[in-house]
Amino acid sequence: MSGKKTTGERNLMFFSGRAHPELAEEVANALGVEITPTALRDFANGEIYVRYLESVRGCDAFVIQSHTAPINQWIMEQLIMVDALKRASAKRVTVIMPFYGYARQDKKGRGREPITARLVADMFKQAGADRMMSIDLHTSQIQGFFDGPVDHLFAMPVLINYLRGKLDPATTTIVSPDTGRVRLAERWSDTLGTPVAFIHKRRDLDVANQVKVHEVVGKVHGRTCVLIDDMIDTGGSICKAADALYEHGATDVIVAATHAVFSGPAVDRLKNSRISEVVVTNTLPIEEEKRFDSLTVMSIAPLIARAITEVFTDGSVTSLFEGDA
């Protein structure tokens with residue numbers, strides 16, 4: 001018999017960057033582990049230094065980092081963390097990006113544009129990542145940009161569990177803010193037993209974050225409408241969509257989104273809109289000054305912890321979503 005066998009057990013080690021330490025702590029607590037001590041600091045010129053304070057040789061490493069503002073710094077920090085793990089002989093490195101930075105540029109809409117979602121995937125593969133985990137990617141095709149296993153998690157069960165008790169399926173409509181989210185709206189509809197509507201809109205390709213709402217397709221008059229989306233950035237699209245629903249006779253509008261980016265005027269727009277409640281997850285940190293009375297934040301940490309456990313034990317991540325992954 002050739003080769004050797006070891007009697008050692010597999011070793012899960014959990015690592016976190018500095019972007020969203022609160023979420024990392026929640027995930028660690030749900031896993032029943034401690035975050036591996038890591039020296040993370042910036043040099044005077046902005047370069048990032050990483051050193052692990054414990055041996056990581058042969059471990060199954062999980063590195064979490066939320067790609068929040070300043071997004072370039074936190075992506076670079078996570079890349080350096082992955083590089084340090086591979087050079088320290090970690091056996092397998094899983095990169096956890098609750099929010100995948102640069103995901104909106106996933107194709108060339110016009111000539112001479114980049115595909116940054118692919119660029120980010122390539123950089124992490126080159127740094128040494130063996131596996132990637134993210135929540136509600138902007139488009140599912142991004143899974144194919146990474147040359148390795150990708151665990152695409154969905155926040156839908158977390159959001160639905162909160163909203164289920166607030167909604168009457170007989171008077172509720174799930175609304176997609178654009179044609180790209182219709183499939184997700186159908187999954188919500190199948191789970192809650194409600195009809196689906198969508199909003200036809202067109203973006204100004206020359207002006208970022210500018211949207212013109214055209215028309216509402218579906219049954220919304222006299223109904224509670226739940227607008228679903230993967231992210232809220234400046235809030236312009238979702239607020240205009242809510243206005244369009246009210247103009248078409250909706251009695252109430254609730255927004256459910258995974259990623260609370262909340263850039264620029266987003267908070268003021270949401271606070272001053274006719275939206276009765278905004279439900280998001282904590283994939284991104286939400287500073288106290290960006291919180292408002294009608295905002296509800298659900299924790300995504302238990303879902304991430306369960307996915308990590310399934311990956312570590314060679315279980316089924318798909319089972320977390322009852323086969324709908």
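What follows is a short talk about a sheet, a helix pair and an annotated residue.

Author: This is a predicted model, where local features need pLDDT of at least 70, side-chain atom pairs count only at pLDDT 80 or more, and totals for chains, interfaces and linings use all residues. Residues are numbered from 1 along each chain as its sequence is written, and side-chain values use heavy atoms, leaving out hydrogens and water.

Reader: What order do the strands of the open sheet have?
Author: Strands of a sheet pair through backbone hydrogen bonds, either parallel or antiparallel. Here, five strands run in the order S1-S4-S5-S6-S7 with parallel pairing. Strands are DSSP runs of E with at least two residues, helices runs of H or I with at least four, numbered from the N terminus; two strands pair if DSSP finds at least two bridges between them. S1 (12–16) and S7 (150–153) are the edge strands, each pairing on one side only.

Reader: How many bridges join S5 and S6?
Author: Four, in the parallel sense; Ile96 stands opposite Met133 in S6.

Reader: Why are H1 and H8 called oblique to each other?
Author: Angles under 35 degrees count as roughly parallel, over 145 as roughly antiparallel, 65 to 115 as roughly perpendicular, and the rest as oblique. The axes of H1 (residues 21–31) and H8 (residues 301–312) cross at roughly 55°, so the two helices are oblique.

Reader: Is Lys201 buried or exposed?
Author: Buried means under 20% relative accessible area, exposed over 50%, and partly exposed in between (1.4 Å probe, protein chains only). Lys201 has 16%, so Lys201 is buried. Lys201 is found in strand S9 (residues 196–203).

Technical notes:
Contact = heavy atoms within 4.5 Å. Axes fitted to C-alpha atoms, helices over the stretch in contact; angles between N-to-C directions.
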